[in-house]
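Here's a quick tour for anyone meeting this structure for the first time. Have a look at it, then read on.

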Amino acid sequence: MASPVLDRESDEASEVLARTRRAVDPALRAAVDSLPAAMRRIAAYHFGWQEADGTPASGDAGKAVRPALVLAAARALGGPPGAAVTAAAAVELVHNFTLLHDDVIDRDPTRRHRPTAWSVFGSADAVLTGDALHALALRLLARDPHPAAAEAAARLADCVVELCEGQHADCAFEQRSDVTLEECLAMAEAKTGALLGCACAVGALYAGAGPDAADALDAFGRRTGLAFQLIDDLIGIWGDPETTGKPVGADLAARKKSLPVVAALRSGTPAADELAAFYAAGRPLGEAELRRAADAVDRAGGRDWAQAQACDRMAAAVDHLARAVPDPADAGDLLVLAELVTRRNR
């Protein structure tokens, strides 16, 4: 039976995300419509607005967590309604640029329960469309008359560099057997936490906040992002394909050095040796082997470690949030979004 408390939290999060979609989708669609026809078609497919043949589709552009963080941060610090919509759209464009590129790098076959853009249109066109979305984000901020636009653009550009560094590390880890937990946590913060932190900081800037408040909200977003990644890594091993849209044990099949895997490999247990043998096998793993590898991660403590770390990072995130927004009532939407990403199952 579902918990009434969790149902209420889910309803609150759904309302925050729906409100964000209503505010930001028109700006997103207008930006994508300005692309040349070939890239516009691929972007519209990626966002779920069109089918591959160009006919209308009923999908949407994901959950909109990052633009929701921009708007929630601006609202928490007393920003005028609607002032940060352009910035929120820019952050969402950057996020989707990274998704298009990540799918090519990881050769992921599905996203949002549909074939990925690269698998439909080819790697080159998917990469170029991602590049175009990045350019659209910068153009939105460059043309935004808001006084915080220039600083927001600078933060977003720095964030993209950090995202690239995190992605580079993630790829490099696949070729190494000596990855440490410290390296893995730093990679996750760069790859996932950086953009959530940037989203919160940009919202603070658009509310007219000073650098201290913006940095505190950046730290809140980063810690939330790391908790998000820990949960995402757990889902990558134990998630239900019916809800994830990805094959069972997808991260294990790809031999990703995800956080629970690295924690398990560094545990010094017999189960760690079993897991290392699976990762060293120079062939694809069958379904039964993937189940045994997942069990090895669990027995080596990787699952428990990741769950505990996610809780610790969220506690730290809330501490940073309180520095910038002392009244919990003002921070309501930010807390709801943080709760959403750490209780997610897909």
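Predicted model: local features only at pLDDT ≥ 70, side-chain atom pairs only at ≥ 80, totals over all residues.

**Confidence**
- One stretch to treat with care is residues 1-6, where pLDDT stays under 50. For those residues the model has two contacts beyond four places in sequence.

**Helix α6 and Thr-129**
- Helix α6 covers residues 123-142, which makes 20 residues. From its first C-alpha to its last, α6 reaches 29 Å, close to the 28 Å expected at 1.5 Å a residue.
- Several α6 residues are buried, among them Ala-126, Gly-130, Leu-133 and Ala-137.
- Residues three or four places apart in an α-helix point the same way, because there are 3.6 residues a turn.
- Thr-129 also sits in α6. It counts as buried because its relative accessibility is 0%, and the cut-off for buried is under 20%.
- What does Thr-129 touch, leaving out residues up to four places away in sequence? Its partners are Met-39, Ile-42, Ala-43 and Leu-100.

**Helix α9**
- Helix α9 runs over residues 211-238 and has 28 residues. Its reach from first C-alpha to last is 40 Å, close to the 40 Å expected at 1.5 Å a residue.
- Is α9 mostly covered or mostly uncovered? It's mostly covered, with 22 of its 28 residues buried.

**Thr-98**
- You'll find Thr-98 in helix α4, which spans residues 85-106.
- With a relative accessible area of 15%, Thr-98 is buried.
- Thr-98 and Ala-293 are 195 residues apart along the chain, and 29 Å separates their C-alpha atoms.

**Cysteines**
- How many disulfides does the structure hold? The count is zero.
- Cys-164 is in no disulfide, and the nearest cysteine sulfur, in Cys-159, lies 9.5 Å away. Cys-164 is partly exposed, at 46% relative accessibility.
- The cut-off for a disulfide is sulfur atoms within 2.5 Å.
- Cys-171 counts as partly exposed too, with a relative accessibility of 29%.

Terms used: Residues numbered from 1 in each chain as written. Heavy atoms only, no water. Helix = DSSP H or I, 4+ residues; strand = E, 2+ residues; numbered from the N terminus. Expected span 1.5 Å × (residues − 1). Buried < 20%, exposed > 50% of the residue type's maximum accessible area, 1.4 Å probe, protein only. Contact = heavy atoms within 4.5 Å. pLDDT = per-residue confidence, 0-100.
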